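Hi everyone, thanks for making time this morning. Could you bring the picture up on the screen, please, so that we can walk through it together?

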Amino acid sequence: MSTCGAPAQGGDVVVAPGATVVDGVVVHEGAPVPGAYVRLHDGDGEFTAEVVTGPGGEFVFYARPARWELRVLSRAGSTTQQVDAAVGRTSVTLAV
């Protein structure tokens, strides 16, 4: 499932030198949630990007180092979590 032109999620994640990747998985009661909408908002709460989780509940954003807010909307539930992304890879599990 894909909307908004978002690429399919999954596969290897490569972090370029100096770049930031925020990735993770959306789960409900320990099981992955495919088809969840994960939205990336900046420190001012402004919408930046959206992806739809893959079959394993996975998602990936390429962003700059900063404090971000991840918002999840799915049939299983919703959640919001702050993430401080440094250079490199920041992986999170979002439980709904």
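Let me start with a question: in which strand does Thr20 lie? Thr20 lies in strand β1, residues 20–28; strands here are DSSP runs of E with at least two residues, numbered from the N terminus.

Before going on, a word on where this comes from. This is a predicted model, where local features need pLDDT of at least 70, side-chain atom pairs count only at pLDDT 80 or more, and totals for chains, interfaces and linings use all residues. Residues are numbered from 1 along each chain as its sequence is written, and side-chain values use heavy atoms, with hydrogens and water left out.

Back to Thr20. Is Thr20 buried or exposed? Thr20 counts as buried because its relative accessibility is 1%; buried means under 20% relative accessible area, exposed over 50% and partly exposed in between, with a 1.4 Å probe and protein chains only. Leaving aside neighbours within four places in sequence, Thr20 is in contact with several residues, including Phe61, Tyr62, Pro65 and Val87; contact means heavy atoms within 4.5 Å. A polar atom of the Thr20 side chain also lies 3.3 Å from the backbone oxygen of Ala86.

Now to the sheet. Four strands form an open sheet in the order β4-β3-β6-β7, with antiparallel pairing; two strands pair if DSSP finds at least two bridges between them. Why is one side of β4 and of β7 left without a neighbour in the sheet? β4 (47–52) and β7 (77–85) stand at the edges, and each has a single partner strand, so one side of each has no neighbour there. β6, residues 66–74, pairs with β7 in the antiparallel sense over nine bridges. For example, Leu70 has Gln81 in β7 as its bridge partner.

Stay in β6 for a moment, because Trp68 has its place there and, at 5% relative accessibility, counts as buried. Not counting residues up to four places away in sequence, Trp68 touches, among others, Leu40, His41, Thr48 and Val83. Leu40 is 28 residues from Trp68 along the chain, and their C-alpha atoms are separated by 6.8 Å. The Trp68 side chain also reaches the backbone oxygen of Arg64 at 3.0 Å.

One last stop: Phe59 and Phe61. Both of these residues are buried.

Definitions and conventions
A polar contact is a pair of N or O atoms within 3.5 Å; within protein, one must be able to donate a hydrogen and the other to accept it, and residues adjacent in sequence count only if both atoms are side-chain atoms.
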